Amino acid sequence: MPKNKGKGGKNRRRGKNEGEMKRELIFKEDGQEYAQVLRMLGNGRLDAQCFDGVNRLCHIRGKLRKKVWINQGDIILLGLRDFQDAKADVILKYTSDEARSLKAFGELPDNARINESDILQGEEEGGGTEVLFDVDDI
């Protein structure tokens with residue numbers, strides 16, 4: 001049986017999650033756009049609604065994969081591609097506090113819904129129209 005020569009297993013290599021440090025707010029530059037995640041597609045890809053009005057297929061770059069978990073409804077920063085307008089790359093995920101700050105600075109439009117993961121839930125379930133009637137009317 002082989003001897004363990006290392007200093008620990010998989011959990012040691014992962015490191016300790018010492019809380020999220022306060023980082024500087026990063027604004028978009030040329031060739032970048034803010035977006036909101038519509039749905040996760042799997043295989044490191046997602047569908048995002050950019051705030052310039054275009055739906056784009058996005059690829060989560062390797063630095064963020066398995067380290068930063070992106071969910072439906074999150075505000076993200078995309079790097080736009082020069083050669084493919086319908087595709088983009090995820091550069092950064094904003095926390096809900098950072099997204100609120102971006103909205104306060106006027107970077108995000110007023111209709112952007114922050115911290116609401118059920119953006120498409122009501123739309124996918126058939127509109128959510130309720131019909132009320134009395135039993136006496138029947």
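Reply: The accessible surface of the protein is about 10,800 Å² (Shrake-Rupley method, 1.4 Å probe). Carbon and sulfur atoms hold 47% of that surface.

This is a predicted model: local features need pLDDT of at least 70, side-chain atom pairs count only at pLDDT 80 or more, and totals for chains, interfaces and linings use all residues. Numbering starts from 1 along each chain as its sequence is written, and side-chain values use heavy atoms, leaving out hydrogens and water.

The protein has 3 helices and 5 strands. These are DSSP runs, numbered from the N terminus: helices are H or I with at least four residues, strands are E with at least two. Their order along the sequence is α-β-β-β-β-β-α-α. Take contacts (heavy atoms within 4.5 Å) with a separation of 6 or more: 51% of them join residues 24 or more positions apart.

The largest nonpolar core has 13 residues. Such a core is a set of buried Ala, Val, Leu, Ile, Met, Phe, Trp, Tyr and Cys residues joined through side-chain atoms within 4.5 Å. L46, A48, C58, I70, I76, L78 and V90 have the most contacts inside it. Two or more residues come from each of β1 (32-42), β2 (45-50), β3 (55-60), β4 (75-80) and β5 (87-93). β2 gives the most, with 3 residues.

E33 sits in strand β1. E33 is buried, at a relative accessible area of 10%. Its side chain makes a polar contact of 3.5 Å with that of K28. A polar contact is a pair of N or O atoms within 3.5 Å; within protein, one must be able to donate a hydrogen and the other to accept it, and residues adjacent in sequence count only if both atoms are side-chain atoms. Among the residues that E33 touches beyond four places in sequence are C50, I76 and L80.

Helix α2 (residues 96-104) has the buried residues E98, A99 and L102. They lie on the same side of α2, because they cover an arc of only 100° around the axis (directions from the helix axis to the C-beta atoms). The buried residues of α2 pack against β1, β4 and β5. Just after α2, G106 has a positive phi of about 85°.

Note on methods: Buried < 20%, exposed > 50% of the residue type's maximum accessible area, 1.4 Å probe, protein only.
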